[in-house]
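Welcome, and please take a moment to look over the sequence and the model below. We will walk through them together.

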Amino acid sequence: MTAEFAVGIPAVLLLLGAILTAAAAGIAQVRAEEAVRAAAREVARGESPAVVALTVQRMAGDGAKHVISSAPQSVTVTVRLPVPGPLAAAGLAATASAVLPVEAPS
């Protein structure tokens, strides 16, 4: 084994870890965006908070947290999803928000 090979293997493993972490972050961001869109639609239609929470958990996963805030004419939903992997301990998370107008009852 040469010295170059011994130095190269950790560098390749570090690069692979960075690529996999970036992929996990991208997937978590897409999941958070899909969950926040669905949750905002449900809140705007007047669904209960329990139904909204179930939707967020179903679409984003068990670690997802959501916050609902409403104004007179609109509702804002924010979803935060921790990115799995070695950087989860560092607090890396995907966050998405959606604002929709509140639908009038029919």
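The paragraphs below go from confidence to strands, then to the core and the surface.

This is a predicted model, in which local features need pLDDT of at least 70, side-chain atom pairs count only at pLDDT 80 or more, and totals for chains, interfaces and linings use all residues. Residues are numbered from 1 along each chain as its sequence is written, and side-chain values use heavy atoms, with hydrogens and water left out.

Let us begin with confidence. pLDDT is the predictor's confidence in each residue, from 0 to 100. The protein chain averages 87, and 93% of the residues score at least 70. Helix H2 (residues 49-60) has the highest confidence, at a mean of 93, while H1 has the lowest, at 89. Helices (H or I, at least four residues) and strands (E, at least two) are DSSP runs, numbered from the N terminus.

Now turn to the strands, where two count as paired if DSSP finds at least two bridges between them. Strand S1 (residues 65-70) pairs with S2 in the antiparallel sense over six bridges, and a hairpin of three residues joins S1 to S2. Look for Ser-70 opposite Val-75 in S2, and for Lys-65, whose bridge partner in S2 is Arg-80. Arg-80 also stands opposite Thr-95 in S3. Strand S3 (residues 93-101) pairs with S2 over nine bridges, again in the antiparallel sense.

S1 lies largely in the open because zero of its six residues are buried.

A nonpolar core is a set of buried Ala, Val, Leu, Ile, Met, Phe, Trp, Tyr and Cys residues joined through side-chain atoms within 4.5 Å. The largest one here has 21 residues, and Ala-32, Val-36, Ala-64, Val-77, Val-79 and Leu-81 have the most contacts inside it. H1, H2, S2 and S3 each supply at least two residues of this core, with the largest share, nine residues, coming from H1.

Finally, find Leu-20, which lies in helix H1 (residues 3-45). Leu-20 counts as exposed because its relative accessibility is 53%.

Conventions. Buried < 20%, exposed > 50% of the residue type's maximum accessible area, 1.4 Å probe, protein only.
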